[in-house]
Structure formats: C-alpha cells, structure tokens
Amino acid sequence: MADVRMTAENPQNPTHQEIRRLDYRPPDWLVPEVELDFDLDPESTTVRARLHVRRNGDHDRPLRLDGDGLTPVTVKVDGMDAQWQLDGAALVVVVPAGEAVVETEVRIDPAANTQLMGLYASGGMLCTQCEAEGFRRITFFPDRPDVLSKYRVRMAADRQRFPVLLTNGNPLRSGEAEGGRHWAEWEDPFLKPCYLFALVAGDLKANSDSFTTMSGRKVALNIWVREADLPRTAHAMAALKASMRWDEEVYGREYDLDLFNIVAVSDFNMGAMENKGLNIFNTAYILADPDTATDADFDNIARVVAHEYFHNWSGNRVTCRDWFQLSLKEGFTVFRDQGFSADMGSAAVQRIDDVKVLRAAQFPEDQGPLAHPVRPDGYLEISNFYTATIYNKGAELIRMLRTVLGADKFRAGTDLYFERHDGEVATCDDFVRALEDASGVDLSAFKIWYGQAGTPLVGARLDHDLASGRATLHLTQTVKPTPGQPVKAPMPIPLRTALIGADSGAQIGEEQLIIFDRPEQSIAFDDVRERPLLSINRGFSAPVVMAVDRDGDALERLAQSDTDPFARYEAMQELMLQLLIAGSRGEPTDSAPLIRAMAETLKSNSLDPALKADAIMLPTEAVIGDRMEQVDPDAIHAARESLRADLAIALRTDLLALHAASAPGGSDLSPEAKGARKLRNGALSYLAAADSADGARRAKQQFDSADNMTARQGALAVLVSLDSEEREQALGSFYTRFEAEPLVIDKWFALQAMAQRPETLDDVERLARHPAFTIANPNRLRALVGTFSANQWAFHAAGGRGYRFLADMILAVDKLNPQMAARFIPQLGRWRRFDEQRQALMRAQLERIVGTPGLSKDAFEQASKSLG
Ligand code: TRP
Ligand code: ZN
C-alpha cells in the first residue's frame, strides 16, 4: 500500500529553513498515550511505537510524524497496513478517523550515533538525550513540546551486559527472556513532552538513599554509576536531598513520584538533563572526591543537581509551549539554582559568581553577530539557542521581576503560575501574567526584556551642592543595535542605589530602588550633608554595563566601605578596569588607590576569605577587551601582567603571609575551608607574578604537598604559565598519577590550553595529537579546544594560526557531532571587535567553514550569522 517513498537524504533539499516564533500553530494531532517497546542492542535496536492519536480541531490534514534518519519497517493504522509516505525525514500517515492507534517499527544503531542525540552508546551503556529534538532519532513522533503524552515503556536487553534497565516513572513488571535476555516494563503517570523521555540500559550500581517529602511521602533516590565510581557520589546525593528540601521551603514544591533516578554518563553534550524521574548527567557534574575534584567542581555539582531537580516543576510539570519559550524553563530554573547556591553558601560570593558568568559568556553574545533576545524570534537549529542569553540573562530577567515585586509577591506569583499551568504548556507571557495577577502589579513595561536584545549601557553622574544639601543623579541609557533590531527602545532598568559619605564612609539615608525607564532621567536626593559617593546597581540589580563617573579615590573609598558587599567588589573591579584599560592604551596610570584598597581588603576582618579572593582577582583579559573600543590582545595581556606584578611587589608581605597560612585539610568542605583555599591560590598566583623563579618553587611545593585537587590544580594553574623545570615535572607527575581518571585528565588538557605563554598554541596543537585526546568526547574536546579558544592572548596571537586550528577542529567535529562543532563558532564570530588584520583572518576561517560541502545546519547557522 505504502509506496510513495521519497529519498530521505536529498542533499539539494533545503532543510536550512528558518523557524519563526510568530508562525506558531497548535498541533494538528495530539498523542494522549504512547506505548514504546525497545529491543535493545548496541548495533541494532528495534523500536516499536503505538501512538494513540487524536485529531486536534476541525481539519483534514494527515498525521505528520517527525523523524531523523529513520526508515519505517512497518506503519499500521488501527492494525491495518497504512497509507504513508516520507516527506523529507518526516513520516506522513493518512488517518481517516478522528482517533486511531498508529503503530510504527524502526531499527536504529546506537553504537554509530556520534551526535549523542537520541539513543546512543557511552562507556558500554545505552542512554538517551532527547531535548530538544532527539526523540525523532528514536521513533517517529510529533517532536514538539506542546504534545503531551502518557508513556508506557517496555525494554528488553542482554542481562549480562545491561543488568539495569531504567526509564521515566515507576517500574511495573520485569522478567527473564530467552537467549540470556531480560525485560522490564515501566509507566510514567505524568503527561510529558517527548523531549523529557529517557531510557538507560547498563551495568550500573546505585548509591541509594531516600527522602521524605513535606507531606510525608518517602521517595527512593538512586544515583547510578559504574561500580568503581560509587565512592564519588556522596556529594551529589547530599546536594539532591538539599535541593528537594529547598524547593519545598522556598517555592512550596514537592516531588511527585515515588522514585527519583540519576544516571551519570561520560559522553554528554551538555551538563545534564531533567528527564522526568530519570535525570541523566555528565559524569563531570556527579563524581567528586577531594583528591580528584576542586572546590569549584563540588559547587558546580550541587548547582547542576539542584538545577535539574528544580526542572521537575519549572520545566516538567509546567513545560514550554514551543522552543521560543525556552527561557521560561531555563531562565527561571537558573534563577532558582542561583537562589539555592546563595542559601547553601555565601550569598555575596554567589552573586559575584553569577555576574562573572554573565559577563564572561553573555555580554559578548549580546554585543556580537549572534545576539538574540531572551525570547528569540527565529532559528534554523534550536540546539544553537541553549545560550547564555536564554539561561543567564533569562535568570537576570526573573531576578529583576522579583526585585520589583519583592519576595512575597514574587512567591505568590510563582505559586499561581505553577497552579494555573500544572500539567500544561506555557509561554513567557503566561509567566509574567501569573506574577501580575497574583501581585496586582503591572509588569507590562518589563516584557521588553524578553524581546529586545543587547546590553544597555547606563551612564551615571552624581552632582552635589553642599549648601542646599541636594544631590542629583543624572542617568542616561543606550542600547546598541543588534542583528534584526536596528532601533532600540528604552528599557525599564531597576537600579538599587545608595549614597555613601566620602568622608564618613557611612551610608546616607535608605537604599532606593530606581526604575530607570527613559533615555535620560535626573533624580534628586535631599538632606545630603557630606560629599556623597554613588553606589549604584547594587547587588547587580540589572544586567547592564554601568559607566559611572567616579575617580580612583572614590572607588577606593567604596571598595572599603560600601554597605553592599557586591558593590564593594564592583568598586574594586572598576578600579582595576580603569587602570587596565588606560594601561592597554599606553596611558600613564596611578595604581596607588588600588594598592591601598587591596591592602585594606586583605587585612579586613569583616570579609570572609572567599569574598577577599574574589575581590583581589583581576578581571580576565576577555572582560577587559569587552570594555574597550577595539580589543588589542597583546596590549591587554601586557598591561594586565604588568599590573599583576606591581600589585604583587607592593603587597608582597601580605601575600606571603596569606600563602604561608596553614591550609585546611582537603576533606574539609566547609565554606571557610573553601574560602581559605581560594585565597591561598590567589595569593600564590600573585606571588609568581612578582618573581617567577620564586613563584615556581612555591607552586611546586604546594603541588607536591597538596592533599586535595583545589590546592594541586591551583599550583599547576600557576606553573603552566612559567617556563621552569617545575612546570614539566608537575605536568608529568599529574598525568601519570591520574591517567585512569578521565575527568582529571580533562583538567590536564585544560590547564595547558589556559597557559599564558607564547608556546601555548604549539602545545595545544601537540596535545590535539596526544593519544588521550579525542574529539568524540565532549568533555575532552571542551577541555582542550574550548579552553584554548577562550584564552584571548593565545587564541588571538598575530598570524591567525589559532583561528585556523579552531576551524580545523570545528570542521572535524562537525562530521561527528554538529551540536558540539557549532558551539565553538562564536569565538570566531567576535571578529568585529579586533583590528583589520585579525578581522580578515577570522572571517577567512568563517568563510571556509560556511563553504564546506556537507556542513551541518548547526554549524551553518552559527558561521553564516557570524559573517553578518
Ligand atoms: N535542559 C538541559 C538543562 O538542564 C539542557 C540540555 C541537556 C540540552 N542536554 C542537552 C539541550 C542537549 C540541548 C541538547 O539545561
Ligand atoms: Zn536547564
């Protein structure tokens, strides 16, 4: 019956078609129930699907099921051979009635799946990744988030190779089958979109525990890993239980199944995935012990475990109507995980970290050719939109809404949002509407943050008249054009603002929340009886770049006495940036105010060590470049190194004392111990800047005596940039000792790619040929190639060899894993920020990428948009 087949693989077929937000239409067909049957085998897995389909609305369109690389073995409608055809990769089935059972059978090859999307093999197990559009690589299905279904799944596999079989929801039955196989049947009672489907089969062992929810239900918790990794799962388990409690206490959200499974896999495109009841994680975000993981790794594990767990409500119970609403779940969930991390440790340190990430990853995005709004208007490939803008700027947007509403109204709003949309799909507009309805506050002006791309630049100047006691704040805002948005409207910018007495160092009056929503505005403060200093955008209340008219003395004062800890950090950063930018331009500078502020900070008893460590760290070369008209990588590097040396010489006594202070034991993971290690590493790095031979000796000594990875890696991070015998010895012994630990060997690659020395590119090219290097493993690839491309001085070394290396890698990876290849393109897309010569060299590589036959849609979109 079924023979209108067309060739699925037509290279002439333009699949590079833009999907547009405003084209959204509800699905033609719904699938209230699905039954899946997996006959698992690494080389040839058979997937049988029974879809209970129902026509949605009054139309006569056929049932269209997405597919990607699938060929149907059979297609039946209500048990009969159906009339069907392939349209590109999709299966089009004629369904005469309003309801039917549609059955398909396909065969897939997980072992050959190098994209790591769909069902694939990793380290001897089989696992899935379906978000965003991986489910269509497993079976034919309407692969869109607004089709919600109830799933029943049967899996069968070889018992010896795959003793553990997992999928979403709860197990129902299991048993033995012929030929050494076994099977299990599971059911997920909750409606879900197919992107939340997951399946795992493998030889895994669980760290098992339980959690009693606020209503007294006992939930079984399992973290599944290779047996040898079991001792390294305790931290993730503790983080999971803390997350479950936190979501109950802070958002009133209770877990809803009797079982929560986490599986760690070593080949994974991203950090982790929130599949209903079966989260799948990159091993990097589960496995840790003090000997192999740094304090930062521990913190990241807690953050990602919390993030995925929180998705159970913000993402799963309430999901996105379409992928343009991605920030509805991702921005909100990042905001939630930031709140969790703030509550688990120091809120000030957490806020500084959030802002560092935003500045390092999102600000460049917003300034470049790939700038897009938090709710984009179009895409070729949705995988390219899992960006810092959707995630981190999206989180800032939610934070602004909370700042405007206050904690209680915000909570009332999220309660209403969850209640109103539970079990359904929603949009960003729905989220804002729930906040408005619960609070009675009109938030319509804030919606522009969803639609308008670009980072606002806010100018601020404070006048003061001592006689009248009046201070006047003059504000201006501009947003530069971004692709597709040549003209920008003013945005409502919530600025937490206070005045600090220049002499007294005390806060003058109450902090104010200014909603600055015009191109220009002046705000008066009365009763200001001493010269005031401006403390603005406190706590980083808005994701903007501030240009505040303040001299070195004012910043020094604020760095010492601002009553907001973030603002103190910010004053110090500003002080550093002013010196670094002037230094890069070859202008004379005076580092005395900074030296005084740093000395004061190091001595302070009121600051915790982690905050001190953040405060004394110079901004990265990339962040300095971001603030300049044109990035001059060599000048920035020279200016930064020279300031580092000046500071280290001036503060040598304090730094020596800090580094000599007794180090806390490696297994002490208290905030105090972590802060002390961070500060010690910071001190060591400065000491090496003042005297490299002495620095190498001290670093090697720290390396050799370290009983934990934080101290060991901190020492090695210093050594890699020093030409010394100690460097080679430490790198050698590190490799030998941790050869069998992939996550530690990732560090070994990353540290060398991070090195600040002229040989780095040679090293990186050599490391790309190292037997332990592979482009097939995303963690290893990110460690070497991702780290190198973020090393501004090395990557942008004159001549463009770094660009060619990156393009070579992108093209090689694109053949295996387009999603990963595309992720490295934005570094080349920054070309407009550099001098003419570098521009030409970077563009040449982008053109080479775009011109490569057979290029993926992922890489094509990023490279062609980057050429602008
Ligand atoms: N939703 C995941 C998160 O928690 C993101 C994710 C994991 C993902 N793996 C992916 C997105 C693969 C695209 C492709 O943020
Ligand atoms: Zn997420």
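**Zinc site and a helix pair**

Student: Which residues coordinate the zinc ion (ligand 2)?
Tutor: This is a predicted model, where local features need pLDDT of at least 70, side-chain atom pairs count only at pLDDT 80 or more, and totals for chains, interfaces and linings use all residues. Residues are numbered from 1 along each chain as written, chains are lettered from A and ligands numbered from 1 in written order, and side-chain values use heavy atoms, without hydrogens or water. Donors are N, O and S atoms within 2.8 Å of the metal (3.2 Å for Na, K and Ca), and sites may look incomplete as water is absent. At 1.9 to 2.7 Å, the zinc ion (ligand 2) is coordinated by His307 (NE2), His311 (NE2), Glu330 (OE) and Glu330 (OE).

Student: What spacing do the donors of the zinc ion (ligand 2) follow along the chain?
Tutor: His307, His311 and Glu330 supply donor atoms. Along the chain, their spacing is H-x3-H-x18-E.

Student: Are His307 and His311 buried or exposed?
Tutor: Buried means under 20% relative accessible area, exposed over 50%, and partly exposed in between (1.4 Å probe, protein chains only). His307 has a relative accessible area of 7%, and His311 has 0%. Therefore both count as buried.

Student: Are helices α19 and α20 roughly parallel or antiparallel?
Tutor: Helices are DSSP runs (H or I, at least four residues), and axes are fitted to C-alpha atoms over the stretch in contact, with angles from 0 to 180 degrees between N-to-C directions. The axes of α19 (residues 725–738) and α20 (residues 742–754) come within 9 Å and cross at roughly 160°. Angles under 35 degrees count as roughly parallel, over 145 as roughly antiparallel, 65 to 115 as roughly perpendicular and the rest as oblique. α19 and α20 are therefore roughly antiparallel.

How values were computed: Helices (H or I, at least four residues) and strands (E, at least two) are DSSP runs, numbered from the N terminus.
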